[in-house]
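Hi,

Here is the structure I promised to pass on. Have a look, and my notes on the ligand site follow below.

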Amino acid sequence: MTAKEAADSVLRQLEAAGYEGWAVGGCVRDTLLGRTVHDWDMTTSATPQQVLALFSHCVPTGLQHGTVTVLESGYAFEVTTYRAETGYSDGRHPDAVSFVGTLAEDLARRDFTVNAMALDVRGRLVDLHGGREDLKDRLLRCVGEPERRFREDALRMLRAVRFSAQLGFTIEAETRRAMAACAGGCAVLSAERIRDEVEKTLRSPEPCRTLELLDYGMLRAVGLEPGTARPWPSVTIDSPATAWAAFGLAVPDFDPTTMRLDKKTGRLAVETASLYGPELTMDRLKRVVANHGWDVGRCLCTLYGQAALAEELERSGDCVTLAQLAITGRDLPVTGPAVGRLLRQLLNHVLEVPADNERTRLLELAAIWKENTL
Ligand code: ATP
Ligand code: MG
């Protein structure tokens with residue numbers, strides 16, 4: 001059973017029990033665009049308790065928001081009760097969530113017109129905010145009055161840039177004006193939410209649009225000021241580390257700690273960005289791997305669009321790491337910290353003269369160099 005068939009089965013069960021059930025949000029947008037749908041989110045007139053009672057396999061994942069996760073034929077679906085939100089005194093979260101009677105009220109709380117459409121099991125579309133027209137014109141437009149929507153929840157401004165980069169859409173003029181006016185509101189956002197939106201924008205087909213976030217002033221909360229970016233580098237992005245390395249190349253003040261990146265990704269991104277230069281040759285790659293390790297070496301190759309170079313080096317079996325040296329620290333005529341230093345010296349030599357990676361020859365060199373190394 002496909003995810004769509006399983007989703008339809010959930011919607012049919014809701015209807016058979018006398019409730020309304022609709023696929024809503026991103027899945028409707030992506031269906032109409034002919035894009036792959038990754039999550040079928042649903043909205044229903046049933047209360048969370050009624051949803052829990054109706055389905056045998058479900059998890060009350062977010063009851064305070066009205067969300068129950070329904071498990072059907074190996075797929076998981078978020079089923080949320082028609083909902084309205086009020087308050088937003090912190091610029092991010094509604095003060096109160098109330099369950100409402102109609103689909104129309106639920107659609108009105110959603111962020112963008114293209115995210116505010118619903119589709120039922122028979123393929124009937126409900127589009128009360130002109131979402132289909134905006135899809136056709138490739139426009140991202142707020143539902144309702146943009147300034148009010150951005151003052152309610154500042155995250156929507158980052159989402160606007162992110163969706164427009166993911167979909168290749170233009171941000172509609174009124175929505176854009178409101179972003180410029182309300183960007184200061186992003187100060188209340190947590191670094192983690194900012195990080196997640198920035199990373200999604202970086203990993204979109206138009207990663208350069210991440211700089212719009214900077215230039216609107218939406219990244220001030222993580223210490224990044226407008227007007228500080230360099231031109232966007234034409235690099236390949238295929239992982240979080242390459243995404244953040246590209247960001248580091250364009251934004252010199254980028255600090256992975258402020259942005260709350262995990263330690264490994266942050267280190268990889270910063271180290272890789274610091275090594276990015278005009279050209280990547282096999283010789284240079286060997287040095288990078290020897291001094292910074294394979295993770296950085298691979299990441300750098302990807303940025304240059306030369307993943308094949310890393311594969312070629314790996315296949316060649318050439319010695320580029322301490323582990324590949326024909327001797328180990330135990331074979332050396334020194335002890336303590338001198339062991340590491342002598343091994344590094346031998347590795348550097350073998351990078352220049354690969355034929356010397358042979359036990360007798362390395363011991364000979366070690367005997368000569370040990371005095372200098374001590
Ligand atoms: P994605 O492909 O990134 O999952 P999506 O449209 O499904 O896109 P989600 O973040 O999963 O986005 O949210 C699901 C839906 O919930 C959105 O389509 C939108 O209708 C609504 N939504 C999510 N976040 C907000 C928000 N901050 N303000 C208003 N509506 C929102
Ligand atoms: Mg989604």
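**Ligand site**

The largest pocket is the space taken by ligand 1. (Pocket here: on a 1 Å grid over the protein atoms alone, an open set of points with protein on both sides within 12 Å along at least five of seven lines; a molecule sits in one if more than half of its atoms lie within 2 Å of its grid points.)

Keep in mind that this is a predicted model, with local features needing pLDDT of at least 70 and side-chain atom pairs pLDDT 80 or more, while totals for chains, interfaces and linings use all residues. Residues are numbered from 1 along each chain, chains are lettered from A and ligands numbered from 1 as written, and side-chain values use heavy atoms, without hydrogens or water.

Of the 14 residues around the ligand, His38, Asp153, Arg156, Arg159 and Arg162 come nearest (near: a heavy atom within 4 Å). Helix 7 gives the largest share, four residues (helices are DSSP runs of H or I, at least four residues, numbered from the N terminus).

As for polar contacts (N or O pairs within 3.5 Å), the His38 side chain has an N or O atom 2.9 Å from a ligand 1 oxygen. A ligand 1 nitrogen is 2.9 Å from a polar side-chain atom of Asp153.

Cheers

Notes:
A polar contact is a pair of N or O atoms within 3.5 Å; within protein, one must be able to donate a hydrogen and the other to accept it, and residues adjacent in sequence count only if both atoms are side-chain atoms. On a 1 Å grid over the protein atoms alone, a cavity is a set of points where a 1.4 Å probe fits but cannot get out, and a pocket is an open set with protein on both sides within 12 Å along at least five of seven lines; lining residues have an atom within 4 Å of a point. Helices (H or I, at least four residues) and strands (E, at least two) are DSSP runs, numbered from the N terminus.
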